[in-house]
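Look at the model below. Then read on for its confidence, its chain contacts and its domains.

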Amino acid sequence: MSKNNTIFIGENKSFRERNRRSGGYLLKRRAGQVTISIVRALLMFGLCFMIIQPLVTRFSVSLMAAEDLYDSTIRLLPRNVTLDNYRIVAELTSMPASMINTAWISLVMSLCQVVSTTLVAYGFARYEFPLKRFWFACVVLLIIIPPQTIQTALFMSFTHFDIFGIIKATTGSDINLRSSLIPYTLMCLTCMGLKDGLYIYMLRQYFRSVPVSLEEAAYVDGCGTIHTFVKIMLPDAVPTIASCFLFSFVWQWTDLFYTRNFISGYKIYSRELSNITSIMSKYFARNATENITVPLGRQMQLIGIGVFVCCVPLIILYAFTQKTFVQSLTMTGSKE
Amino acid sequence: MKNKTRRNHWYEGITEAVKMYIPGNNTYRTIQARRARIGTRFILPLIIGFLVFMVRPLIISLQMSMSQVNVGQGTMTPFNVSLDILGTRMVLPFGNYNYAFVSDPDFTKLLVSEIGRMAINTIATLVMSFVIAVILNQDFKGRTFCRVIFFLPVILSSGVLPGIESQNAYFNLMTSISDAVNESSGVNLSQALQNLLSVSGVARDVFDVIFQMIDAIYDIVMASGIQIIVFLTGLQSISPSLYEAADVEGCSAWESFWKITFPMVSPLLLVNCIYTIIDFFMKNDNTVMEHINQVMYGTQMDFGAASAESWIYFGVALLFIGISTFIITRAVKSYE
């Protein structure tokens with residue numbers, strides 16, 4: 001059974017012969033391996049199928065004409081293929097505008113988040129300063145506190161925005177910032193955006209893994225703090241930062257919470273999607289006073305299309321960048 | 001570069017900070033103080049953000065939860081309620097909390113059911129993601145593909161997407177109809193098995209919990225993208241020589257799994273557990289969250305009650321994080 005023995009028996013001997021010599025061990029082992037791999041393949045296939053299946057169903061249902069929905073002989077393949085549903089959903093969610101808004105707002109916000117979190121993470125990873133543990137506990141709190149706890153307060157303070165009463169004193173009334181992008185941009189720039197605590201954690205973990213001697217060498221050669229950070233640390237950190245950027249972009253894209261509370265002035269796809277049911281009944285009504293209920297199947301179909309349309313850009317993005325997504329986590333995932 | 005000093009009193013950090021940030025003493029001019037100032041500059045965004053967008057709103061929202069809020073004018077008046085505490089009648093500003101627990105017809109019911117769901121889902125997610133990570137760590141064909149698929153839920157179940165279909169009241173109706181159809185036609189294997197096992201009378205409650213998990217398997221897989229990656233990272237960081245040594249000593253695969261793999265990965269159990277709980281509490285399809293949003297933006301526009309309810313919710317979340325941390329640290333320590 002040892003390695004030497006196997007070589008002695010030789011590769012050219014038949015499996016049966018080798019099995020006989022090993023006293024039945026070889027067959028047992030082989031049977032075990034095959035069973036395990038079959039079970040594993042089944043399990044993996046089942047779970048993968050479960051993840052993919054809703055997308056496939058949504059896609060095929062999205063192509064069905066209204067009469068196909070209620071035809072019980074049709075399950076997956078539409079009989080009357082139509083793209084009309086997409087047109088309807090696009091109108092329901094004020095499509096081109098909302099999609100473009102979502103894209104550029106997500107981009108700007110995640111850039112802001114990445115810049116601020118990178119700086120903070122670097123500060124935490126490399127410098128000793130008083131109250132460091134306290135501030136880091138705050139980062140952990142950021143991860144733990146549900147933003148819903150403070151949503152009412154933020155909502156109020158942005159609706160009636162004022163800096164120590166100065167604005168009210170000069171112009172006579174406070175300003176409503178809630179419809180503009182300013183509050184959320186400020187929040188992202190100060191690490192209070194969506195899941196920023198997590199990004200700080202990930203980036204800090206990465207920066208800690210870089211040897212200090214790199215920076216020391218730079219200091220000896222006369223680099224300043226910022227120069228060292230930009231020239232020495234940043235280039236190596238690009239993959240991790242990129243993955244943080246991707247995460248924040250994707251989560252921003254689908255986010256409803258911050259969008260609903262702080263960016264109410266813009267048409268954002270996720271918010272339009274969450275309102276789709278109520279818009280639908282207005283859309284299908286012939287006039288303003290009529291109140292109709294859209295048939296259930298039809299409703300589900302249109303919502304499904306909405307979700308599908310929301311997913312597609314993200315899946316395409318993921319397909320191209322999945323290495324960055326997973327790799328960075330493998331590098332930084334080993335949390336204490 | 002790093003010199004950690006043990007502090008005798010908690011306030012020494014603050015005195016140190018004062019010395020380091022304010023010129024005019026000897027500490028100010030040391031290299032440590034200089035580096036501390038640079039480090040503080042790096043994390044300045046976080047400090048500002050935390051104070052302005054976290055501490056202040058937290059205080060306001062706590063205040064709000066104890067008062068009646070007028071959204072239009074942005075004013076608050078204390079919402080007092082007289083309560084019997086230990087036989088003495090006291091007037092306390094807990095009107096909204098009283099409302100949440102006593103008057104709100106849905107809140108407590110939803111909270112309890114959501115906690116139960118969370119406990120089951122957390123355990124199931126941890127087990128599931130660990131099993132999947134172990135499988136994905138093995139060498140088989142299509143491993144990369146499976147990894148890509150299993151990470152997809154991170155994108156597909158974020159933000160607005162998971163809740164959107166179940167939020168639709170009709171959807172629930174439809175699923176209940178389809179359940180009924182399945183039940184009557186007897187095709188539903190899980191249901192049949194469940195009935196069989198319930199009839200046989202073996203630990204009925206246990207089976208109920210297990211079947212609840214099985215029914216929720218889609219949700220569980222969709223919620224375990226990050227956890228799988230974290231476990232996978234832990235598994236990959238185990239040095240293969242450990243397994244080799246165990247193999248030489250005559251360990252079976254089963255033994256080396258429990259003696260090597262599990263103890264090495266168990267510290268990540270805590271991280272994943274906390275992540276799962278937080279994720280669950282902040283999910284968009286969470287019924288308590290929906291209810292709070294309903295109270296906040298619905299016909300009531302009752303910001304006071306909404307913030308009281310979100311504080312209760314946060315308290316519960318913290319409690320559960322605390323309990324699980326306690327249990328897991330105990331359990332993990334016993335392995336060391």
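## Confidence in chain B

Chain B has a mean pLDDT of 78. Of its residues, 79% reach 70 or more. Remember that this is a predicted model.

The lowest value falls in helix α7 (residues 169-185) of chain B, with a mean of 54. The highest falls in helix α12 (residues 240-248) of chain B, at 90. Where pLDDT is low, the predicted coordinates should not be read in detail.

## Confidence in the complex

The predictor also scores the complex. The ipTM is 0.79. The pTM is 0.82.

## Where the chains meet

How many residues of chain A are in contact with chain B? There are 69, and they meet 74 residues of chain B.

Several elements of chain A give two or more residues to the side that touches chain B. Among them are α3 (25-62), α6 (95-126), α13 (225-254) and α17 (296-332) of chain A. The largest share comes from α17(A), with 14 residues.

What kinds of residue make up this side of chain A? It divides into 45 nonpolar, 20 polar and four charged residues.

## Domains of chain A

Chain A is divided into two parts: domain 1 (3-62) and domain 2 (84-332). These domains touch each other. Their contact takes five residues from domain 1 of chain A and eight residues from domain 2 of chain A.

On the domain 1 side of that contact, three residues are nonpolar, one is polar and one is charged.

Methods
Residues numbered from 1 in each chain as written. Chains lettered and ligands numbered in written order. Predicted model: local features only at pLDDT ≥ 70, side-chain atom pairs only at ≥ 80, totals over all residues. Contact = placed C-beta atoms within 7 Å. Helix = DSSP H or I, 4+ residues; strand = E, 2+ residues; numbered from the N terminus. Nonpolar A, V, L, I, M, F, W, Y, C, P; charged D, E, K, R; others polar. pLDDT = per-residue confidence, 0-100. Domains from an automatic or database assignment.
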